[in-house]
Amino acid sequence: MDSYNHKARKRFGQNFLSDPGIIQRIVSAIGPGEADNLVEIGPGKGAITALLLEACPRLNVVELDRDLIPILLAQFAKYADFKIHQADALKFDFAQLTESGPLRIVGNLPYNISTPLIFHLLSYHSKVQDMHFMLQKEVVERMAASPGQKAYGRLGIMVQYYCQVENLFLVPPECFVPQPKVDSAIVRLKPYSEPPHPAKDVKLLERVVNVAFQQRRKTLRNGLKQLAGAETLDQLSTDISQRAENLSVAEFVTLADELLQLGVKV
Ligand code: SAH
């Protein structure tokens with residue numbers, strides 16, 4: 001890998017995996033199968049890509065850095081169903097890849113764009129079989145957090161609305177070149193075929209969760225003031241004198257549905 005004269009770029013969040021043991025462990029957790037419709041975001045120099053292709057010949061990759069394309073081609077052009085999309089994953093239309101079945105998305109994601117990218121990918125939840133990501137450890141903790149925990153908030157609620165979340169294992173900085181300043185972790189997200197607590201209006205749910213967590217130390221009532229007047233808030237069955245961090249996903253859905261019924265719009 002290092003024979004390529006490519007300098008890691010900070011602005012692309014480039015930390016390349018260099019530990020063969022951890023790469024193997026990640027790919028085992030993914031468990032690629034021959035018939036899968038795999039998509040890798042940010043393949044970099046192909047550390048994970050190589051093992052994925054050994055198990056599954058059909059692989060689409062989305063990579064933003066043009067300078068990495070020739071490096072990927074040199075290694076993997078021999079695979080007829082290997083396809084590179086030089087694009088920004090934040091803007092990429094993943095629906096175009098779903099013709100050959102539900103997507104299995106994987107990636108050692110650039111940490112600076114991980115939250116918006118996860119939200120972008122959640123919009124394809126019905127076409128996704130599962131997702132395995134390497135993220136900053138704290139981001140994985142936020143995704144997997146339960147009510148009452150400090151890490152519980154907007155990210156966890158919206159991810160858990162759509163997906164089952166599993167925090168799999170830690171990956172220390174020594175596994176990368178260059179080494180990141182933070183610990184990383186692998187997370188598995190499996191979208192439900194139907195969300196277990198479907199909201200009547202998901203956009204409103206998102207908005208409610210957003211305003212509720214803007215000041216997480218204050219009561220729900222405080223944040224909800226932005227959406228409705230006191231008269232409306234007084235009609236809610238939810239106890240809004242508590243803090244947002246104490247409400248489960250199901251309770252947020254109930255709250256959003258009630259607000260909708262009381263005439264609150266996004
Ligand atoms: N998967 C490789 C590289 C991880 S570093 C490995 O584990 O070694 C993150 C990768 O994401 C880099 O290749 C970087 O160029 C790419 N990347 C950064 N921003 C991106 C974006 N917006 N869309 C697609 N790829 C991006």
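**Helix 5**

Buried here stands for under 20% relative accessible area, exposed for over 50%, and partly exposed for in between, with a 1.4 Å probe and protein chains only. The arc is taken from the directions that run from the helix axis to the C-beta atoms. Helices are DSSP runs of H or I with at least four residues, strands are runs of E with at least two, and both are numbered from the N terminus.

A note on what I am looking at: this is a predicted model, where local features need pLDDT of at least 70 and side-chain atom pairs count only at pLDDT 80 or more, while totals for chains, interfaces and linings use all residues. Residues are numbered from 1 along each chain as its sequence is written, and side-chain values use heavy atoms, with hydrogens and water left out.

**Ala-151**

Next I looked up Ala-151, which sits in the loop between helix 5 and helix 6. Ala-151 counts as partly exposed because its relative accessibility is 27%. Setting aside neighbours within four places in sequence, I list Glu-141, Arg-142 and Ala-145 as its contacts. From Ala-151 to Val-139 I count 12 residues in sequence and 8.7 Å in space, C-alpha to C-alpha.

**Helix 3**

I then turned to helix 3 (residues 69–76), where Ile-69, Ile-71, Leu-72 and Phe-76 are the buried residues. Around the axis they cover an arc of only 165 degrees, which puts them on the same side of helix 3. On the face turned away from that buried side I noted the exposed residues Pro-70 and Ala-74. The buried residues of helix 3 pack against helix 2 (47–55), strand 3 (59–63) and strand 4 (82–86).

**Aromatic pairs**

How many aromatic pairs are there? I get six, with Phe, Tyr and Trp rings (the six-membered ring for Trp) pairing if their centres lie within 6.5 Å; planes under 30 degrees apart count as stacked, over 60 as edge-to-face and the rest as tilted. Phe-76 of helix 3 forms an edge-to-face pair with Phe-82, at 5.4 Å centre to centre and 65 degrees between the planes. Phe-76 is buried, at 4% relative accessible area, and Phe-82 is buried too, at 10%.

Phe-94 and Tyr-124 also pair edge-to-face, at 5.8 Å centre to centre and 70 degrees between the planes. This pair links distant parts of the chain, 30 residues apart: Phe-94 is in the loop between strand 4 and strand 5 (103–108), and Tyr-124 is in the loop between helix 4 and strand 6.

**The ligand**

Last, I checked the ligand: of the 22 residues around it (a heavy atom within 4 Å), Gln-14, Gly-42, Glu-63, Asp-88 and Asn-108 come nearest. A polar side-chain atom of Gln-14 is 2.8 Å from a ligand oxygen atom, and one of Asp-88 is 2.8 Å from a ligand nitrogen atom. Taken alone the ligand exposes 570 Å², and the protein buries 98% of that, with areas from the Shrake-Rupley method and a 1.4 Å probe.

Key:
Polar contact = N/O pair within 3.5 Å; in protein donor to acceptor, adjacent residues only side chain to side chain. Contact = heavy atoms within 4.5 Å.
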